[in-house]
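Student: Can you walk me through a few spots in this one? I'll ask as we go.

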Amino acid sequence: MSQRVWCALREAGHEVGVLLATSEADIVEGVDAAGPELILCPFLKERVPAQVWQRVRTIVIHPGPAGDRGPSSLDWAISEGAPAWGVTALQAVEELDAGPIWATRTFPMPAAPPRKSALYTGPVADAALECVFEVVAKAADPEFTPAAAENAPAGVPGARSRPPMRQADRAFDWSEPSEAILRRIRASDGSPGVRTELAGMEAYAYDAHPGAARGGRPGTILCRRQGAVLVATGDGSLWIGHLRPAAENGIKLPATTALGPRLHGVPQSHAGPVDDPEHPHAYRQVRYRRTGPVGWLSFDFYNGAMAPGHSRRLLAGLRHAAAQDTRVLVLRGGTEAFSNGIHLNVIEGSADPSGAAWAAIRAINEVCREIITCTRQVVVAAYAGSAGAGGVMLGLGADVVAAREGIVLNPYYDIGLFGSELHTFSLPRRVGADAAQRLIDDRLPVGVQEAARIGLVDEVGPRHPEAYGQWLSALAERLGELPSARKRRAAKARRLAAERIPLDVYETRELAEMSRDIYTDRSGFAGARRAFVRKIRPAETPRHLLFAANAGTAGAPPVRQRNTNAGPALDRRPALRPAVPVSA
């Protein structure tokens, strides 16, 4: 949310800095140093110090309609099946969520129980961005006076002050109907999860999906597949993709990893990536279907994180798709996340983190290589959701990169790793060597309009997921027209054949650097990974975020064409700056 607001305001020409809510003293000091005219809090769990909001107009974006108060707004809305919900921009005052209203929006809730994280990054984020721009416009009007909260009508029926949702409010029994359990888990995803018991282990459940099996004793694990377990419910079954053991220091992991030996004797469920009309609800993280000359390979990994198993499944799907007689291959990631690179939780939870990290990077590199070298089809990398680090780089070897409006890309590595995913080959060829170096060094998020301007993205589609899908279908059909598709594939084959330096050389150099980061921890990968996985609060705001330069696009140069003659690698050494997530 914070990154999207930051990108949008900068693209609109505003000067925007970021201040992390590290401590009350740091917030006061940071505001004094930056001297802002307006403070926006798109995502804030801490109280704004009175020394700040009494001196500078401070607007908090609350993920609930007018009249709603409390820290568990979305949790209650999903749990209770609210037909509509909203977002409100409130001026900070002493009482939380009680300040004057600057802007508000409402939206219909999805019919099926949405995952809280999906609701937040979708309709909530869209409504919040509209509120932000309304606030900025009103802040420039000296005649504007916000409406008192007590005088504002409720944004939707039932909006009211609510207490924090506790585990007792989230609890369920496996003998309840699947829909009721699904709603409870999705209302708590991705935090804090719902505490339950599986295979004799107390754990918090996440990542739930409807299952097709019926008849098992409620709470029994019926089978496992691709890291998930199928659990019997009162009227059917649910797939549970991730668990966090309730024991001290437990971290969120794929369910089969978290349960480990407790799954002895539980059978595997097998199914290939090709959609089966007889089993439309089979649990698949990777799916393939074909519409005429276009092959569609869809993948959706929880939080966009890729352990070696995810990469191997995606690689198998890619090779299956590339073997078909289609003219276009669309590689489409999930709506919440295209990919965020290697699975840091799996690495942190491993008995051998270094070995796990090495295996993860080698596996994802195979996927990147398959995309880069595919010449049988025109390859389209479709970013339906945001992407970070190696997840951004994964799709850059495609012939066409298409992104959905409103997503955010973080095309850099910021956890003590040099990075791989063949980015030293693909990134400079898209944006040029100088721009590639700046993206890696600046470590700043990029909105899709800016990404299109510099050549990181070729096409930008509509924000609404269904409209994006229709737009993407039209794009794929256009790319598949003969003879243009044949010419594009032939041109790619010629470019690859003309490369002076083999692709292996790029990967070898990247892996040489990565080996030092992974096995000798030269840049603090272990500590940065631990902080990310365990959500340790950053100690301070990096100066380059607080005083970020204006990146407005007014007067910006035209979109840069892809540089197909870029040098063999980014000539740099990994920076030693610690990882700090951008959130206001």
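Student: Which residue stands opposite Arg-287 in E12?

Tutor: Ser-298 is the one opposite Arg-287. This is a predicted model: local features need pLDDT of at least 70, side-chain atom pairs count only at pLDDT 80 or more, and totals for chains, interfaces and linings use all residues. Residues are numbered from 1 along each chain as its sequence is written, and side-chain values use heavy atoms, with hydrogens and water left out.

Student: How many bridges join E11 to E12?

Tutor: Six, between antiparallel strands E11 (residues 286–291) and E12 (residues 294–299). Strands pair if DSSP finds at least two bridges between them. Strands (E, at least two residues) and helices (H or I, at least four) are DSSP runs, numbered from the N terminus.

Student: What about Gly-292 in that hairpin?

Tutor: Gly-292 has a positive phi near 60 degrees, and two residues lie between the strands.

Student: New topic. Is Arg-115 buried or exposed?

Tutor: Arg-115 counts as buried because its relative accessibility is 13%. Buried means under 20% relative accessible area, exposed over 50%, partly exposed in between (1.4 Å probe, protein chains only).

Student: And what does Arg-115 touch?

Tutor: Leaving out residues up to four places away in sequence, Arg-115 touches Ile-78, Arg-186, Asp-189, Asp-207, Tyr-302 and Glu-336. Contact means heavy atoms within 4.5 Å.

Student: Where is Arg-115 found?

Tutor: In the loop between strand E4 (101–108) and H5.

Student: How many residues of H1 are buried?

Tutor: Ten of ten, in residues 2–11. What covers them includes helix H5 (116–139) and strand E1 (39–41).
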